[in-house]
Amino acid sequence: MYDDGSFERWLKFGLGGLFALAAAKMFWHWLTQDVWHWLTVDVWGWITEHPWWSALIAAPITLFVLAFLVGLFLPDDADRVYGGAEAEQEEPLGLTYSLDQLAAMSPAGFEQACADLLARDGFLRAGASAEPATSALTS
């Protein structure tokens with residue numbers, strides 16, 4: 001009770017509790033009777049009447065869930081390859097070129113830049129040839 005004798009706090013608390021109780025009772029009724037009936041009769045009835053459509057809907061969902069679960073349990077080697085604690089890199093990961101820089105390069109410079117970018121990303125056998133391509137048939 002306030003100093004002035006009003007019951008506003010108690011009234012708000014009591015009405016809030018009453019509304020919460022009514023909402024909880026309605027939710028429980030909906031959950032235990034209506035939802036169960038909807039799942040067991042309506043949805044299951046549609047599934048049993050249309051098995052091919054049900055399979056077409058369930059197959060991608062099942063494959064997605066399986067792929068997600070496989071992804072959770074397989075180890076991720078990306079840290080080891082792309083700069084984790086185990087990786088040994090000589091160049092920093094910050095090597096980049098703009099399109100203007102690539103367009104202004106000579107063919108040999110462009111090839112070297114591509115080789116550098118591939119080496120940065122872990123393709124260590126990539127290298128610039130810097131010589132014209134010849135066919136094995138002509139030599």
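Where in H2 does a kink of about 25° lie? At Ala 58, shortly before the proline Pro 60. The legends below start from the whole chain and then move to the close-ups.

**Overview. The predicted model holds five helices and zero strands.**
This is a predicted model, in which local features need pLDDT of at least 70, side-chain atom pairs count only at pLDDT 80 or more, and totals for chains, interfaces and linings use all residues. Residues are numbered from 1 along each chain as its sequence is written, and side-chain values use heavy atoms, with hydrogens and water left out. From the N terminus the elements run α-α-α-α-α. Helices are DSSP runs of H or I with at least four residues, strands are runs of E with at least two, and both are numbered from the N terminus. Of the 139 residues, 4% are buried (buried is under 20% relative accessible area, exposed over 50%, partly exposed in between; 1.4 Å probe, protein chains only). The protein exposes about 12,500 Å², computed by the Shrake-Rupley method with a 1.4 Å probe. Carbon and sulfur atoms supply 68% of that area. Among contacts with a separation of 6 or more, 14% join residues 24 or more positions apart (contact means heavy atoms within 4.5 Å).

**View 1. Helix H1 bends by about 35° at Leu 31.**
The bend at a residue is the angle between axes fitted to the seven residues ending there and the seven starting there. H1 has 42 residues. Its first and last C-alpha atoms are 57 Å apart, close to the 62 Å expected at 1.5 Å a residue. The expected span is 1.5 Å times one less than the number of residues.

**View 2. Phe 27 and Trp 30 form the one aromatic pair found in a search of the whole structure.**
Their ring centres are 5.8 Å apart and their planes meet at 35°, so the pair is tilted. Rings of Phe, Tyr and Trp (its six-membered ring) pair if their centres lie within 6.5 Å; planes under 30 degrees apart count as stacked, over 60 as edge-to-face and the rest as tilted. Both residues sit in H1 (residues 8-49), three residues apart, and are therefore separated by about one helical turn. Phe 27 is partly exposed at 48% relative accessible area. Trp 30 is partly exposed too, at 43%.

**View 3. Ser 54 lies in helix H2, residues 51-73.**
Is Ser 54 buried or exposed? Ser 54 is buried, because its relative accessible area is 12%. A polar atom of its side chain lies 2.8 Å from the backbone oxygen of His 50. Not counting residues up to four places away in sequence, Ser 54 touches Trp 46 and Ile 47.

**View 4. Phe 110 is found in helix H5.**
Phe 110 is partly exposed, with a relative accessible area of 39%. Leu 102 and Met 105 touch Phe 110, not counting residues up to four places away in sequence. H5 covers residues 107-120, 14 residues in total. At 1.5 Å a residue H5 should span 20 Å, and its end C-alpha atoms are 20 Å apart, which agrees. Just after H5, Gly 122 takes a positive phi of about 105°.

Key: Polar contact = N/O pair within 3.5 Å; in protein donor to acceptor, adjacent residues only side chain to side chain.
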